[in-house]
Amino acid sequence: IVNQSSTPGFLLLGFSEHPALETTLFVVVFTSYLLTLVGNTLIILLSVLDTRLHSPMYFFLSNLSFLDLCFTTSCVPQMLVNLWGPKKTISFLGCSVQLFIFLSLGTTECILLTVMAFDRYVAVCQPLHYATIIHPRLCWQLASVAWVIGLVESVVQTPSTLSLPFCPHRQVDDFVCEVPALIRLSCGDTSYNEIQMAVASVFILVVPLSLILVSYGAITRAVLRINSAKGQRKAFGTCSSHLTVVTLFYSSVIAVYLQPKNPYAQERGKFFGLFYAVSTPSLNPLIYTLRNKEVTRAFRRLLGKEMRLTQS
């Protein structure tokens, strides 16, 4: 086991082999981070301040927005420092904290998206019983379960990953401290860690995604039984934003954690990792805002209230 008290830091290679690309990436990452901060903070404020958004759907959405804020803040500032100049190091403590938060929040998001799919399933397939089934107490319980599972997963997997015998060069072939990159950095036997990651991927990626697909299969069947085209559009409209977010998130995460072992896949995995760590949290508020009339109306009501306060 590595003596953590005397362990040196790591060198995050990121995209250092493409120096011309780093300036462009800095602008993209910085812009995405600003959008993430503004967009997700706005959704949280709207969900809290507007009483018309005090519903299970927006309760879960505000949880997702808070999660995305924490997720990006755990890695983007360090990423911007590494992209801006020649210094690309991160301390062992910094890497440990980053890994812990990444695992915890990434797992929480997988579970939370599944919970949101269940919420949409009940709303479309059991509309008359929605308020009885998805009551406030259950909402808090489901959200708590998502956060606790994320915490437990990180508590289990982070120590075993950081205890690996790392190669002396300490070069992490990634822009952030993630499990796959740290496993590749090890010069010892990683069989246990690879099995652990594979098992975790099944329970945290494959099972939740399967439940989401089953939910949307049932939703599709229910919507197709609606006679009016307007009713079908309205039903699909309540689910389209969540389905878009699920597609973006899971496609990029699966590309990182379930990729084959070859240099091309690792290079491609870095771009997918950058996408789900930086771009997805900034796109989520836009998807929910542009495709959701209730959020748009709430934003206009908030602006109108602010304008009236300013004029008075």
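Author: This is a predicted model, where local features need pLDDT of at least 70, side-chain atom pairs count only at pLDDT 80 or more, and totals for chains, interfaces and linings use all residues. Residues are numbered from 1 along each chain as its sequence is written, and side-chain values use heavy atoms, with hydrogens and water left out.

Start with the core. The largest nonpolar core has 85 residues. Such a core is a set of buried Ala, Val, Leu, Ile, Met, Phe, Trp, Tyr and Cys residues joined through side-chain atoms within 4.5 Å. Buried means under 20% relative accessible area, exposed over 50%, partly exposed in between (1.4 Å probe, protein chains only). Leu-113, Leu-182 and Tyr-250 touch the most other members. Helix H4 (residues 92-125) gives the largest share, 15 residues. Helices (H or I, at least four residues) and strands (E, at least two) are DSSP runs, numbered from the N terminus.

Look at Tyr-250. Beyond residues up to four places away in sequence, Tyr-250 touches Leu-113, Ile-204 and Pro-208, among others. Contact means heavy atoms within 4.5 Å.

Now the charged pairs. The whole structure holds 2 salt bridges. Each is a side-chain nitrogen of Lys or Arg within 4 Å of a carboxyl oxygen of Asp or Glu. One joins Lys-88 to Glu-22 at 2.9 Å, N to O. The two lie 66 residues apart: Glu-22 in helix H1 (residues 19-49), Lys-88 in the loop between helix H3 (76-84) and strand E2 (89-90). Both are buried. Arg-120 pairs with Asp-119, their closest N and O atoms 2.9 Å apart. Arg-120 and Asp-119 are buried too.
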